[in-house]
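Thank you all for coming; I would like to take a few minutes on one model, and please keep the picture in view while I talk.

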Amino acid sequence: MSMHKSIRTAISNLLGKRVSTTSLQFRLTVELIALSVISLMGVSAWAGWSMEQTVVNGHKQMLEYIAMRFPDLVEMYMETGGINAGIERTSSKVSTSDLSVLVKSADGRILAKSANNHDLSADLTNIGYNEVPTTPKVVQIGDRYAVMCGSALIVDGNIVGKVYLSQDITNEQRQLNNGIYGLAIVSTIATGVLILAIALRIRKALVPLQQMSQMASVISIDDLGGAKLQLAKAPDEILGLAQAFNEMLHRLSGSWEQQHQFVGNVSHELRTPLTVICGYLQSLLRRGDNLSVYQKQALETASAETERTIQMLQDLLDLARADSGNLQFRQDPVFLNTLAAEVAGMSEKVSDRSVKLLSTDQDIVALADQDRLQQVLINLVDNAIKYSTDPVEIQLATKDEQAIIHVCDRGIGISLAHQHRIFERFYRSDDPSTRSRDGTGLGLAIAKSLVEGMDGRITVLSKPNEGSIFTITLPIWNPQR
Ligand code: ADP
């Protein structure tokens, strides 16, 4: 697993959900955690180093001082009994219970040795005489620690040998090690707590943004007017963003409304002259016995196109009325078996295709507007015929106080990307195979508007090249209510 992936998994586990590596939450968490870990580690390392300096520095300075003064002391004490006596006396004067002295001649003989519990000569054999530094340093000998140094002993300008000094600091070093160990544990715990606190804080800080995006993603074009982002508790910056978003929604809703009104008005104004034109064209066709084939064809095309445009204007007017709440619905008991049989029969006659009705023996009675429901069913069956070549089926069922009508075909189907949008106005699948079929892209938008006006729902289930099932769900009629 790559480093990136393992960091993402660790943070996902920490936050209890999957996070993307490009998300603000992930980046903020990683950056702040890295910053805190580096700072904590830096502070701990500095604290450890300064503890060591405090404990060891005093001993080092003392050894350095003794090493420097040793030849002077030898010179002073040798005046009474020669150089060897001087060395002996100096050694016994400077040595203490923890400070050991060993003086060796240039040919390796021991000239003086302090008489305390520490056998410096054995220690030096253990670590090697050549390893002893000239400036005092901490050296580990087995499980003991000592500050040691070794320097040439020059008396009266002659090199007499070498003097080794060793200060036992085992107790202090153990205390220091315990301190550093404790510091490491405390900083590890502090780092863990900090990581958890940072991750949770960032997660909490970003919750209002996630709420906003969830709310915004479910706002559809139809509920622009009433849509509002409401955040109970959020920082001022995010509340400001939500307010700006709400104001934008308000403006959008206003212009959407104006556009609808405009389309409604234009449809209304165009429908009357077009109906007159269509009437004249049809009367010309009926009475024009002396028309040439070309003229007849031209009039037929003009009449068909005018009729199609009038139908589209009517659809637009229906939608405009539905939008403004002026579309009235007469909610009555509707016998779905009878209605579906009528629609199937009519569609078969017009299209010359097979439209089967699969229903149970039991009557299914829905509460709906019969004419509008018929319009919707005709539209769905018409689409099923347009976009398939096999027989079309209408199935009726009931479920949980709901009447259900399925219109099924085994035609070209609709891809998932298009399924979300086919109920929008003028939306038609871009697939060239469907483009050639006539239509305006308004049928399903009207169907949705009408079904929702009858307190129902319309949905689609489809798979490309396998077919589509359009489902209308309506409240069932209950005589007791
Ligand atoms: P149109 O007038 O284009 O049929 P609709 O609103 O009725 O307009 O349908 C919108 C789009 O949905 C169509 O262009 C088509 O791409 C797709 N569609 C609708 N019904 C079906 C179906 N039964 N099978 C496949 N595609 C369909």
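**Helix 8 and its partner**

The crossing of helix 8 and helix 11 is left-handed, a word used when the near helix is turned anticlockwise from the far one by less than a right angle, whereas clockwise would be right-handed. This is a predicted model, in which local features need pLDDT of at least 70 and side-chain atom pairs pLDDT 80 or more, while totals for chains, interfaces and linings use all residues. Residues are numbered from 1 along each chain as its sequence is written, and side-chain values use heavy atoms, with hydrogens and water left out.

Helices here are DSSP runs of H or I with at least four residues, numbered from the N terminus. The axes of helix 8 and helix 11, the latter being residues 443-453, come within 10 Å and cross at roughly 150°; axes are lines fitted to C-alpha atoms over the stretch in contact, and angles run from 0 to 180 degrees between N-to-C directions. In contact, meaning heavy atoms within 4.5 Å, Arg372, Gln375, Val376, Asn379, Leu380 and Asn383 of helix 8 meet Gly443, Leu444, Ile446, Ala447, Leu450 and Val451 of helix 11.

Elsewhere, Glu269 lies in helix 5, residues 236-287, and counts as exposed because its relative accessibility is 56%, the cut-off for exposed being over 50%.

Note on methods. Helices (H or I, at least four residues) and strands (E, at least two) are DSSP runs, numbered from the N terminus. Buried means under 20% relative accessible area, exposed over 50%, partly exposed in between (1.4 Å probe, protein chains only).
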